[in-house]
Amino acid sequence: MPAEAPAPFRRLAIVGLGLIGSSIARAARHYGMVETIVAIDRDAAVLERVRALGIADVATDDLVAGVAQADLVILCVPVGAAGAVAEAMAGHLAPGTVVSDVGSVKVAVVAAVAPHLGPGVHFVPAHPVAGTEYSGPDAGFSTLFSGRWCILTPLPEGDAGAAARVQAFWEGIGAIVETMTAEHHDLVLAITSHVPHLIAYNIVGTAADLEAVTQSEVIKFSAGGFRDFTRIAASDPTMWRDVFLANKDAVLEMLGRFNEDLSALARAIRWGDGDALHALFTRTRAIRRGIVAQGQETAEPDFGRSRAERGKTGEG
Ligand code: NAP
């Protein structure tokens with residue numbers, strides 16, 4: 001952040017030190033965004049790694065003590081766990097504390113978290129659209145959010161100053177911030193992230209179940225498009241179970257549209273309508289080029305992408 005701008009927060013408490021939580025810890029330290037970083041996780045093995053990696057000043061499984069003096073608390077747990085964590089810490093937050101999250105679904109998280117937080121605590125929901133298919137504290141890296149979008153979905157009745165400070169925090173660790181409603185976020189992410197993950201899980205599952213094609217052939221000949229699906233389908237099972245359960249309506253809406261379009265494609269193949277296929281494939285190629293042109297992906301082939309490139313996949 002610019003040298004003249006004061007840091008928006010002093011003491012950051014992160015709950016859940018997985019890929020995203022540990023990346024925030026690394027980035028906050030790398031960019032000098034806070035004085036103190038408190039890592040809170042229920043898992044002793046995760047805390048042991050956090051201490052060994054030296055990515056936080058304090059590492060504890062005590063949620064209440066961990067959040068007590070923080071002026072920013074970021075929930076980095078699976079979306080299905082956010083409500084329970086909020087309930088457990090709510091009575092122990094100092095007045096004026098800003099609570100945020102990184103959940104891939106926003107309407108359900110707002111509904112689960114907001115009712116627990118008292119009037120003096122400001123909730124600013126957020127979703128960094130950056131990730132990889134890896135989990136845990138060792139998977140994180142400080143540049144995960146560099147040049148990536150972070151979507152804020154402030155509550156209509158929320159504190160504008162708190163939202164501005166959360167925006168400054170994300171910009172300070174390299175992200176580009178956009179603001180929208182939680183409802184709109186969930187619709188957009190259903191088609192750009194959630195349904196693509198469902199398709200990947202489904203196609204890898206289907207291939208694994210095929211009896212006519214052996215498992216070894218699936219692995220051996222995987223370069224034919226299948227390999228990129230397997231990368232996405234390796235994403236964290238708990239996180240993605242929660243995403244689909246929490247964003248049910250938007251996912252089912254987009255899946256309905258997807259199924260209709262897939263039926264149209266099947267019809268084009270059945271009736272030999274090459275023009276229809278060619279027209280669609282031309283349109284989709286232009287979309288891919290647009291994403292590359294906006295700097296959200298590289299033009300290099302994906303296979304064997306480096307860690308730095310993986311950080312640019314914009315998952316979650
Ligand atoms: P992760 O690597 O699996 O880390 C999640 C951490 O939260 C783990 O340390 C886990 O501990 C802990 N946790 C789970 N339930 C908990 C609970 N009830 N109380 C306290 N800690 C708990 O997951 P992640 O990829 O960082 O995802 C975290 C959040 O970021 C999710 O809400 C996800 O939607 C969002 N997100 C993910 C991505 C992505 O690409 N991965 C991108 C953007 C946003 P255990 O080991 O004990 O389960």
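Predicted model: local features only at pLDDT ≥ 70, side-chain atom pairs only at ≥ 80, totals over all residues.
View 1. Numbering starts from 1 along each chain as its sequence is written, and side-chain values use heavy atoms, with hydrogens and water left out.

**View 2. Overall dimensions and contacts.** The C-alpha trace spans about 65 × 40 × 35 Å along its principal axes. Take contacts (heavy atoms within 4.5 Å) between residues at least 6 apart in sequence: 75% of them join residues at least 24 apart.

**View 3. Helix α7 against helix α9.** The chain has 13 helices and 9 strands, taken as DSSP runs numbered from the N terminus (helices are H or I, at least four residues; strands are E, at least two). Here α7 (residues 182-209) and α9 (residues 226-233) have axes that come within 8 Å and cross at roughly 115°; axes are lines fitted to C-alpha atoms, for helices over the stretch in contact, with angles from 0 to 180 degrees between N-to-C directions. That makes α7 roughly perpendicular to α9 (65 to 115 degrees; under 35 is roughly parallel, over 145 roughly antiparallel, the rest oblique).

**View 4. Residues where α7 and α9 meet.** From α7 come H197, I199, A200, Y201, I203, V204 and A207, meeting F226, F229, T230, I232 and A233 of α9.
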